[in-house]
Amino acid sequence: MRELKERVDFEFQITQSLRNNMENFQLYYQPLIDAQTGKLLGAEALLRWIAPNGELVNPERVVSALESTDQMETIGAWIMERAMNQCANWLKNGADPNFYVHINCTADDVVRKDFVNDVLVLFIMIIQTDDIHDSFCDIYIDRLIQIKW
């Protein structure tokens, strides 16, 4: 019973963070390095959530709560927009012209009706607005796509 209460309380905190303009959600960027040359190629966008007590919460727990409360689409769109805009900002401010951001998506994202259109609209808007190369974003599907009937 205690575990259920803890899970429900945690899911409530995550939902509150989403409703409060993504409060306590952050993107961290892990450098992507060429192993042979040591050159910085890009960065992988990683979702992190800081609990109200200041504790960095295990990402798997956060994703599980987002999935169980059907909020992955909301956070996924936020991640996509934030990561693409951050990469565009780095490129405008002197990053290597071939620098890119790596964004993980789930199979559920990919099969969502408007996913491709939403990504393309954002992608084109950033390219046109920021005048950057068209390979600044690498989208990785981190789970096998399961066909839903």
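Is C105 buried or exposed?

1. **Confidence.** This is a predicted model. Mean pLDDT for the chain is 89. Of the residues, 95% reach at least 70. Residues 145–149 fall below 50. In the model, that stretch makes 5 contacts beyond near neighbours in sequence. Where pLDDT is low, coordinates should not be read in detail.

2. **C105.** C105 is buried, because its relative accessible area is 2%, and the cut-off for buried is under 20%. What keeps its sulfur from a bond with the closest cysteine sulfur? Distance: the sulfur of C137 lies 7.9 Å away, too far for a bond. A disulfide would need the two sulfur atoms within 2.5 Å.

3. **C87.** The structure has 0 disulfides. C87 is accordingly in none. Its nearest cysteine sulfur belongs to C137, at 7.5 Å. C87 has 0% relative accessibility, so C87 counts as buried. C137 thus supplies the nearest cysteine sulfur for C87 and the closest one for C105.

4. M1 sits in the segment before α1, the helix spanning 2–19. M1 counts as exposed because its relative accessibility is 83%, against a cut-off of over 50%.

Notes. Residues are numbered from 1 along each chain as its sequence is written. This is a predicted model: local features need pLDDT of at least 70, side-chain atom pairs count only at pLDDT 80 or more; totals for chains, interfaces and linings use all residues. Side-chain values use heavy atoms; hydrogens and water are left out. Helices (H or I, at least four residues) and strands (E, at least two) are DSSP runs, numbered from the N terminus. Buried means under 20% relative accessible area, exposed over 50%, partly exposed in between (1.4 Å probe, protein chains only). pLDDT is the predictor's confidence in each residue, from 0 to 100. Contact means heavy atoms within 4.5 Å.
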